[in-house]
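Work through the exercises below with the sequence and the model side by side. Each task is followed by a solution that goes step by step.

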Amino acid sequence: MKKIVWIVCAGLLTVLLNGCGTSAGENFENSSRLRVGMTKEQVKEIMGEPLQENFSKPDVWYYYIETRWHDGQNTIDECMPVVFKNNKLAGWGNAYYKQLKLVKKSYEKPEIEGLK
């Protein structure tokens with residue numbers, strides 16, 4: 001019985017990890033088809049639904065494009081921002097997003113006494 005449970009768990013883990021990698025790769029490839037001026041609906045046709053995470057905003061959508069952490073969660077550093085102005089695509093990617101100065105400040109590692 002334990003062997004069967006182990007096999008099922010291993011199979012599910014494989015499916016989940018492969019699904020995440022494929023989705024990230026597809027999103028990255030699909031982003032090459034984006035063009036400034038597209039409507040939100042046109043972007044959805046190419047990219048699909050954006051992530052509905054707590055860091056999303058109405059005019060900034062996020063798409064998962066790479067795995068940096070194998071924790072099963074999508075983090076902002078693993079995603080590509082897609083920015084809209086007046087419901088039209090204005091630009092995408094971290095370089096474009098940072099250029100707009102929408103990022104408040106860079107991440108600063110907290111200092112913890114006793115850790116180097």
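## Exercises on a predicted model

Helix α2, which covers residues 40-47, lies across β1, β2 and β3, and its direction makes an angle of about 5° to β1. The model used throughout these exercises is a predicted one.

**Exercise 1.** Work out the order of the strands in the sheet, and state which strands are at its edges.

*Solution.* Begin with the pairing: the sheet is open, has 3 strands in the order β1-β2-β3, and is paired in the antiparallel sense. Next, look for strands that pair on one side only, which identifies β1 (60-64) and β3 (88-92) as the edge strands. From one strand to the next, the twist averages 30°. Finally, turn to the pairing of strand β2 (residues 79-85) with β3, which is antiparallel and runs over 4 bridges. Within these strands, Phe84 stands opposite Leu89 of β3, and the ring of Phe84 also has the charged end of Lys40 over it, 5.4 Å from the ring centre.

**Exercise 2.** Determine how Tyr62 and Tyr97 are arranged as an aromatic pair, and decide whether each residue is buried or exposed.

*Solution.* A search of the whole structure gives 2 aromatic pairs. One of them joins Tyr62 and Tyr97, with 6.3 Å from centre to centre and 70° between the planes. Planes over 60 degrees apart count as edge-to-face, and so the pair of Tyr62 and Tyr97 is edge-to-face. Then place the two residues: Tyr62 belongs to strand β1 and Tyr97 to helix α3 (residues 94-99), so that the pair links distant parts of the chain, 35 residues apart. For the last step, buried means under 20% relative accessible area; Tyr62 is therefore buried at 3%, and Tyr97 is likewise buried at 8%.

**Exercise 3.** Find where Asn27 is placed and which residues it is in contact with, beyond its neighbours within four places in sequence.

*Solution.* Asn27 is found in helix α1, which spans residues 2-30. Its relative accessibility is 9%, so Asn27 counts as buried. Once the neighbours within four places in sequence are set aside, the contacts of Asn27 are Met47, Tyr63, Tyr64 and Ile65.

**Exercise 4.** Describe the backbone and the exposure of Asn86 and Asn87.

*Solution.* Asn86 is in the loop between β2 and β3, and Asn87 lies in that loop too. Although Asn86 is not a glycine, its phi is positive, at about 55°; Asn87, also not a glycine, has a positive phi of about 65°. As for exposure, Asn86 has a relative accessible area of 73% and is therefore exposed, whereas Asn87, at 47%, counts as partly exposed.

Notes:
Residues are numbered from 1 along each chain as its sequence is written. This is a predicted model: local features need pLDDT of at least 70, side-chain atom pairs count only at pLDDT 80 or more; totals for chains, interfaces and linings use all residues. Side-chain values use heavy atoms; hydrogens and water are left out. Buried means under 20% relative accessible area, exposed over 50%, partly exposed in between (1.4 Å probe, protein chains only). Contact means heavy atoms within 4.5 Å. Two strands pair if DSSP finds at least two bridges between them. Axes are lines fitted to C-alpha atoms, for helices over the stretch in contact, and angles run from 0 to 180 degrees between N-to-C directions. Rings of Phe, Tyr and Trp (its six-membered ring) pair if their centres lie within 6.5 Å; planes under 30 degrees apart count as stacked, over 60 as edge-to-face and the rest as tilted. A charge sits over a ring if NZ of Lys or CZ of Arg is within 6 Å of the ring centre and within 35 degrees of the ring normal.
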